Each structure stands twice: as C-alpha cells, then as structure tokens.
Amino acid sequence: MISPLIKAARDLAGHSDKLRFAAPVAHVYNPLLYAWEAHETYLRRFGATPKEVVFLGMNPGPFGMAQTGVPFGEIAAVRDWMKISAAVGRPPFEHPKRPILGFDCARSEVSGKRLWGLFARRFGTAEKFFARHFVVNYCPLAFLTTTGSNLTPDKLRPAEREPLAAICDAHLRLVLEIMRPQWIIGVGGFAKERAENAAAGLPIQVGQILHPSPASPAANRGWEEKAAAQLETLGVW
C-alpha cells in the first residue's frame, strides 16, 4: 500500500510538471520525475513515521537534489550517510552546463554539505537524526537561465509564481498534516514565509535558521555554529 507521503510527492511531481515558464527561465528540471527512485527511497526509509521537526528548503540545487532526488542532496551525504543510491534518469531538456549525472556527478552542493554535515556531526547516524527530524523542499523544480545560472522560485514572474505556489502550498500543508511536527524550520527567509502560510491554523511552531548557501556572506563564517545556536535558542534542540 502506497504511503500518504509518497502519494503526495507523486501528485506534486505531476501537477508541477504541467506548469510552463517563460524567459528568463530556459530550463526546468523536475527531479521528482527523473530521480524518482532515489526520492521514493528517501521518503520510504526516513519519512514513514511522524516527526517532531521538519526542516524546509526552497527548491533543488543544481548539484544536490537535481542530481540525487533528495532535498539538499549533496551526493556524499546521500550515498554515504543516508545509504541511498539509485539510477537517475535525465530531464528532457538539459542545459549543457548543468548535465544530470546522478550519483556520478563530481560537483559538491555546498548548502547540502553544510546542512547534512551539521546533522551528521550532531546525531551521528542518519537513523538517529531522522527519528525526530525530516527535511523537505517547498518547490520540486529547479530553474535555469540561458547561461545555466540558478533561478529561485521567488524570482519568477507573479503570473508563474502564483500557480506554482498554490501547488507547493497545498503539498506542504499535506506533509505537515501527515507528519504532525511540533516545529517547522525554514532554511532561510523565503522558506520561513511559506512555512508560516502552510502551517496557519495548525498546532505547529515556525522558526528559521540561516540558509547555508555560499552566496550568503554570513553563512561563510561559521554557518554550522550559527545554525545550531539558532535551533538551541528556539528550543528545538
């Protein structure tokens, strides 16, 4: 029997894949389709029980979830710490500078390396971390410009952003109803805003940690210590 979380992810994959985007978006990757095997393994192995804390990211990074199908899915963290490895297909229209190589990709996703590195050092095993926590992304799609640069969902045109948000908000609300966490923690300001919207009326507290992106000067100076301190101040840890 398919779990509600897996069904929700399949629905999200299908609904989001029907959307169309104009310039400056040149390429759209949907790893919930071409990397579904790895994503389903992640959900089945680590998302089968209620959680106390859900961390919310924005959308797939080009060298993380876009390659592995796992949120913030830096390859070493997914393969070596979570013990997930699977065949990964290709999106129908790839950017030549951003090929999907799956677990053979040699590039490291810095945000994912930092996030999962914090969890690994604090909890040791993936099983200990996922006993209380889970990580999801708000939007399943990665957007690339003609140059191959990453375009985040908040930079989309309103006419494109609004139907995407309706799909992503409904999915996130369903995830929260399934997992019934005490906390949802936005990884960055955008994720916190979407978390507040999705959790409205539910008995869930909303918090935020600094995004681990190397594009953030603050994240490049002791991100792990800052994020852990923020979670301790909130009372999450």
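On a 1 Å grid over the protein atoms alone, a pocket is an open set of points with protein on both sides within 12 Å along at least five of seven lines, while a cavity is a set where a 1.4 Å probe fits but cannot get out; lining residues have an atom within 4 Å of a point. Grid points are joined across faces, edges and corners, and a volume is the space filled by probe spheres set on the points. With that in hand, the second largest pocket holds about 360 Å³ of space.

This is a predicted model, where local features need pLDDT of at least 70, side-chain atom pairs count only at pLDDT 80 or more, and totals for chains, interfaces and linings use all residues. Residues are numbered from 1 along each chain as its sequence is written, and side-chain values use heavy atoms, with hydrogens and water left out.

**Pockets**

- Eighteen residues line the second largest pocket, and Asp17, Arg20, Val28, Tyr29 and Pro92 are the closest to its centre.
- At least two lining residues each come from α1 (4-17), β1 and α2 (31-34); helices (H or I, at least four residues) and strands (E, at least two) are DSSP runs, numbered from the N terminus.
- β1 gives the most to this lining, with three residues.
- By class, the lining of the second largest pocket has 12 nonpolar, three polar and three charged residues. Here Ala, Val, Leu, Ile, Met, Phe, Trp, Tyr, Cys and Pro count as nonpolar, Asp, Glu, Lys and Arg as charged, and the others, Gly among them, as polar.
- The largest pocket has about 540 Å³ of space. Its lining runs to 28 residues, with Glu109, Ser111, Asn150, His211 and Ser213 the closest to the centre.
- α6 (110-123) and α9 (189-198) are the elements that give two or more residues to the lining of the largest pocket, and α9 has the largest share, at three residues.
- That lining divides into 12 nonpolar, 14 polar and two charged residues.

**Cavities**

- Two cavities of 30 Å³ or more turn up.
- The largest cavity has about 140 Å³ of space and is lined by 16 residues, with Leu12, His39, Val136, Asn137 and His171 nearest its centre.
- Two or more residues of this lining come from each of α1, α3 (36-46), β3 (133-137) and α8 (158-179), and β3 has the largest share, with four.

**Sheet and packing**

- Three strands make an open sheet in the order β1-β4-β5, with antiparallel pairing (two strands pair if DSSP finds at least two bridges between them).
- β1 (27-29) and β5 (150-151) stand at the edges with a single partner strand each, so one side of each has no neighbour in the sheet.
- Three bridges join β1 to β4 (residues 142-144), and His27 has Leu144 as its bridge partner in β4.
- In α3, the buried residues (under 20% relative accessible area, with exposed over 50% and partly exposed in between, for a 1.4 Å probe and protein chains only) are Trp36, Ala38, His39, Glu40, Tyr42, Leu43 and Phe46.
- Pro96 sits in the loop between α5 (75-81) and α6 and counts as exposed at 72% relative accessibility.

**Salt bridges**

- There are 12 salt bridges, each a side-chain nitrogen of Lys or Arg within 4 Å of a carboxyl oxygen of Asp or Glu.
- Arg121 pairs with Glu224, with the closest N and O atoms 2.7 Å apart. Arg121 is in helix α6 and Glu224 in helix α10 (residues 223-234), so the pair ties together parts 103 residues apart in sequence.
- Arg121 is exposed at 57% relative accessible area, whereas Glu224 is partly exposed at 22%.
- Glu232 and Arg122 also meet in a salt bridge (3.3 Å, N to O), linking α10 to α6 across 110 residues.
- Lys192 and Glu196 form a salt bridge too (3.9 Å, N to O); being four residues apart in helix α9, they are separated by about one helical turn.
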